[in-house]
Amino acid sequence: MMQDASVRGTKLNHDAMSKKTQSNSDDQRLSYAADEARLPWLSLLLEMYHTTNQGVAQGIRQGERQGRKLACARGCASCCRSHSDIPVYPLELMGIAWFASEQLSGALREKVRQQLAQHKANPSCPFLVDEACAIHPLRPMACRHFNVFDRVCAEGEDAFHTRREDVLTPVEFHKDKALAMMLRHHQVPTETERKARVTNGSVHALAQSLREVRWENLAQRMGLG
Ligand code: SF4
Ligand code: SF4
């Protein structure tokens, strides 16, 4: 069964195809001014991810203060192959589609397009290319949240099930704030109502599994680009 984005998922490895851990670009809110002017939902999504990143960074610092060491590192991406229940929300799907179709170019774009077109035959996440996430700036909340301390996951291991105590628990404040923020996109009118939907968990009914998305449609859109 798919789990809450707060504690499950995978993360990625790519800061211009580089590392899997919190990248420098995660420290600040990303900005795509021209695209945000054209696509107002993109600003909301980038704010949401900035809040998510702040919570993840704080959680990692708390772990480090307790003597733990983040195991996630550059080139480490077995989680992107083995995790099959990564939740992704509609606003996130819009962000991924925008990034893949309008920001990727050249050989990386073509590789991602092919993987999306054939995703049903491939057990890995279709955005994993050369052990890195091709959509790192727009990767889902679940991927941002999933961090493991002290020991790198074995190939095929899902640390959430094998050693939950080593998996970062996201800071509740930031996690809930980001989810409530996202509900503005769904026209939930008041902050009180948005918070209530996060607290009672109904927000998660909006999510689907990343592996079950009809990525063929995005592949087709990229082919037209
Ligand atoms: S989107 Fe895919 S490749 Fe990127 S971090 Fe998440 S699981 Fe890994
Ligand atoms: S340590 Fe585990 S969760 Fe972290 S990047 Fe490596 S495989 Fe993924």
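This is a predicted model: local features need pLDDT of at least 70, side-chain atom pairs count only at pLDDT 80 or more; totals for chains, interfaces and linings use all residues.
## The shell around ligand 2

Ligand 2 is surrounded by twelve residues, of which the closest are Ala-71, Cys-72, Cys-76, Cys-79 and Cys-153. Sorted by class, this shell comprises nine nonpolar residues, one polar residue and two charged residues.

## Helix α2 against helix α8

Helix α2, spanning residues 40–65, and helix α8, spanning residues 172–182, have axes that come within 8 Å and cross at roughly 170°. Because angles over 145 degrees count as roughly antiparallel, α2 and α8 are therefore roughly antiparallel to each other.

On the α2 side, the contact is made by Leu-44, Glu-47, Met-48, Thr-51, Thr-52, Gln-54, Gly-55 and Gln-58, while α8 contributes Phe-173, His-174, Lys-175, Lys-177, Ala-178, Met-181 and Met-182. In terms of class, the contact of α2 with α8 has six nonpolar, six polar and three charged residues.

## Helix α8 against helix α9

The axis of α8 also comes within 9 Å of the axis of helix α9, which covers residues 191–199, and the two cross at roughly 120°. The helices α8 and α9 are therefore oblique to each other, and their crossing is right-handed.

Here Asp-176, Leu-179 and Ala-180 in α8 meet Arg-194, Lys-195 and Val-198 in α9. The contact of α8 with α9 consists, by class, of three nonpolar and three charged residues, with no polar residues.

Terms used. Residues are numbered from 1 along each chain as its sequence is written. Chains are lettered from A and ligands numbered from 1 in the order in which they are written. A residue is near a molecule or strand if its C-beta atom, placed from the backbone, lies within 6 Å of it. Ala, Val, Leu, Ile, Met, Phe, Trp, Tyr, Cys and Pro count as nonpolar, Asp, Glu, Lys and Arg as charged, and the others, Gly among them, as polar. Axes are lines fitted to C-alpha atoms, for helices over the stretch in contact, and angles run from 0 to 180 degrees between N-to-C directions. Helices (H or I, at least four residues) and strands (E, at least two) are DSSP runs, numbered from the N terminus. Angles under 35 degrees count as roughly parallel, over 145 as roughly antiparallel, 65 to 115 as roughly perpendicular and the rest as oblique. Two residues are in contact if their C-beta atoms, placed from the backbone, lie within 7 Å. A crossing is left-handed if the near helix is turned anticlockwise from the far one by less than a right angle, and right-handed if clockwise.
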